[in-house]
Amino acid sequence: MKVDNIGAPAQRLGGIDRVTGHQRYVADLPIADTLHAKLVALDCAHARILSIDTSVAEKVPGVVFVMTADDLPTPMPRFGPQYQDRPVIAEGTTNYHGEPVAAVVAETKDAAEEAATLVKVEFEELPAIFTVEAALDPAAELIQDPSIRRPGPFTETNILTEYHFGWGDVDAMDADMVVEHTYAWPMQTHFAIEPHGYIAAPDGDGIIVWSSIQHPYQLQKTVATVLGMPLSKVRVIAPDPGGGFGGKQHPKLEPLVAFMAMRAGRPVRLILSLEEAFQGVRRAGTEVKVRMGLKSDGTLVFQDYVNRFLIGAYGDTGDRISAKASFLSAGPYRTPAVRIVSQAILSHTTPTHPYRGFGIPQVTWARESCLDEAAIALGIDRLEIRLHNLVRYGEEHVPGDTPADGDWAQTVRKAAEEIHWGTPLPPGQGRGIAIGVKSGPTTGLSYATVRFLADASVMVFSGTSDMGQGARTIFAQIAAEELGVSLDRVAVVMGDTAVVPYDQQTSASRSSVLMGNAVLDACRDIQRKIRAMAARLHDVEEAEITVDRGVVHLPDAELPIVDVLKAGLGRMGGEVVGNGEARKEAFPDHPLGGTALFFEFNCTACDVAVDPETGEVTILRHVTVGDVGLALNPVQVTGQDEGAAIMGIGHALMEHLILDDKGRTRNLGAIDYRIPTSLDLPGELHSFSIENADGPGPYGIKGISEGSLLCTAPAVAGAVRDATGAVVRRLPLSPENVWRAMKEKT
Amino acid sequence: MNEMMQVEMTVNGRVRSFDVAVNHTLLEVLRDDIGLTGTKECCVVGECGACTVLIDGVPMNSCLMLAVEADGADVLTVEGLATDGHLDRLQQAFLEQGAAQCGFCIPGQLMSAHALLQRNPHPTIDDINEALAGNLCRCAGYQQISAAIMSSAEGAGR
């Protein structure tokens, strides 16, 4: 049977459970004899802990114990994806608003919650540092004790890391015009609708940890390290997350829950409140200073950046985000000289975590906005200045990195065409356009196992997390296509390190490409074994047989692969197992440790109307075009693309964490923080894919899940300026900020 | 110990009589006491819509209602939409349109949509966006959700 699963709008695997309420997220798991945990935190950003009195709390009926730093090993176990600097629980000081100082474990949720209010913490509030300016003040307190820092030139400062990238000699370039501005992007939170959840339970001489995490294998390593267990004794079960957006990539409170479960000798569960989730993960706020030099015809001659990422109290991934995003500051434009300085700056705030786009939206906001300013100053059309400087297919935009891996001008022209660029708009309306480009993964390792069962059904085993992007469906489509079975005969097993082989992580829009290639490789392994079966059954040399997409081609016949499978397995039955692997090797000499596996390239254009009285921005028409290589599942591509576009609109128009004068977050909640609802959608939203089947994944696919939020903010801000003349360089484009900018203009 | 009170309510067509803690919300009782975990918990202050259920046909945030207040009520949760293992038209439409991505908000979206179609069998897109404005979706599958409701409503007219 020839099947055609590639490019089909296959229905989501797991979809039925999602519409019936049967999908089990971490908080839905029925685990017997489970204790409930509740965190205790201080209502301040930075404090010295003087004493913690748990005696009253421990008298609450049902309370089993209260965990503090005193109950953990000495020295305090610390962990983190890049820097092992985050304590399991606060020890001596708290360094961000919401950092837990104690946790109550009780028989019931009610008892845990009541007792948590009765833990008495004596503390001395200390001045908190939560701005770039304060952190860089030479007199500023050191946010991290140098003893937990890696030795280096910045150990005695609040700069965690500083990078210098670039090429050419910016200072020697001769420009007709130089434009220089600073663009600010506020801290934002992920706000997955599923708050983070964790359960841990002793299991023989090991432990099981359930988590809403995106990277189960990284969690396994972290728990094994802090508990001093071999990897083989740590089983991580990661049910499909209820949204991730990067916020569930790395371990956070799982080590604490693991220690509590080991102490209790019973399962312990901690489901965060939405407020705690807001305090647990956030995106780096940035200040990007751009200088752009151009010829009078719009040709870029240099780009010069100082990028300051305000990260949190612990390193987490703040360093990598600042480095990887800054590396692509100059975007997809041919520029003879580029200089980039990138700093990751510590502060008494929630540790910066990966967030869809991985820092690229912040640098793109600055670059694309500045390019608009240059175009307007030179009297050049904003679309033309982009097309004029855009690299061609195969041309390097960053020397030594992967060259442009798509016909990017095609993407830009499509967006311009769909927004009707160049046609007039009524007064009070404006049009904007911007380009975003993001490196895919720079290294990667994914394994997959595929089992071809005796009845010609298929099981795919993968360590990827399906957090809504639809990875299960993609892998099932690949297996169905390669093995010639219908999609409903394929099961995809994920999220259990005792069952699925290793996968590095689910991030950077990598899974369809890297894990997709691993699944494809496993299917090819099965095809080789089927070929050997066919040779034996039909007494033909293997070299004379090919197996392709479910069909076995013999010299004088074609057979469905399933016929060969059944005949080959014979009366005993059994199965054929295929193993697959996909790697993206590191390049130690590359500034990022590896070249881009692919690029996510997007062009976004929009028409807006601005209320002259209130500054309120209404997006009338929003067009996003992504170079996806090939849409393996067009329904899912559209869902991810529109979803990212709307998330990007939220970031552009409304989202920001508000800190008070002591560094406490003041908008810890859905209404106070504000994300797009069904009433905040553009009048029209159109998502388009450019498909030239030129990606490194199966059948030519590229990663797609971040593209359409990379350049939303500068496209909208450009449209606001076009409509009103008002220039906003500090997001969000809230009515207040737009109104002020309109007043300043006049 | 929490003070307990006996309540009787119809949950997904089945009459149940049981004791609930007087301080527990309907959301807690549905999830923790009855084991109907399809109704989701997120903000617990009535701002996100993930816990939406129908009380006597009216969509309510079950996190804002004490379980004792539902005494005598007819409660419909997402688990009650399908009958005899067959998806209802709305659920089927959500699948076909790709409306469920991560899926966490979907039970609440379905319940609000179900209530909308009960009172307005042929809603416009604006009606849908208004009726579902209290159901946040961070995957932002709003267009797929409204398309599913529209297609389901059209089907209702057949």
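Predicted model: local features only at pLDDT ≥ 70, side-chain atom pairs only at ≥ 80, totals over all residues.
Student: OK, new topic. How many residues does each chain put into the contact between A and B?
Tutor: Chain A gives 46 residues and chain B gives 41 residues.

Student: And which helix of chain A gives the most to the side that touches chain B?
Tutor: That's α15 of chain A, with 7 residues. Helices α1 (15-20), α15 (634-653) and α16 (670-673) of chain A each supply at least two residues to that side.

Student: What's that side of chain A like by class?
Tutor: The side of chain A that touches chain B has 23 nonpolar, 16 polar and 7 charged residues.

Student: Now chain B. What secondary structure does it have?
Tutor: Chain B comes to 5 helices and 5 strands. Along the sequence the pattern reads β-β-α-β-β-β-α-α-α-α.

Student: Why can we call chain B as compact as a globular protein of its length?
Tutor: Its radius of gyration is 16 Å, close to the 15 Å that the globule rule gives for 158 residues, so chain B is as compact as a globular protein of that length. Its C-alpha trace spans about 50 × 30 × 25 Å along the principal axes.

Student: What share of chain B is buried?
Tutor: Buried residues make up 56% of the 158 residues in chain B. As for contacts in chain B with a separation of 6 or more, 59% of them come from residues 24 or more positions apart.

Student: Last one: which residues have the most contacts inside the largest nonpolar core?
Tutor: Those are A:V104, A:V105, A:A479, A:V519, A:V716 and A:V720, in a core of 283 residues. Helix α13 (residues 514-538) of chain A supplies the largest share of this core, 11 residues. In soluble globular proteins, nonpolar side chains tend to be buried together.

Student: What does A:V104 touch, leaving aside neighbours within four places in sequence?
Tutor: A:V104 is in contact with several residues, including A:A37, A:K38, A:V40, A:A57 and A:V119.

Methods
Residues numbered from 1 in each chain as written. Chains lettered and ligands numbered in written order. Core = buried A, V, L, I, M, F, W, Y, C linked by C-beta atoms within 7 Å. Buried ≥ 20, exposed ≤ 12 C-beta atoms within 10 Å, placed from the backbone. Helix = DSSP H or I, 4+ residues; strand = E, 2+ residues; numbered from the N terminus. Contact = placed C-beta atoms within 7 Å. Nonpolar A, V, L, I, M, F, W, Y, C, P; charged D, E, K, R; others polar. Rg over C-alpha atoms; globule rule 2.2 N^0.38 Å.
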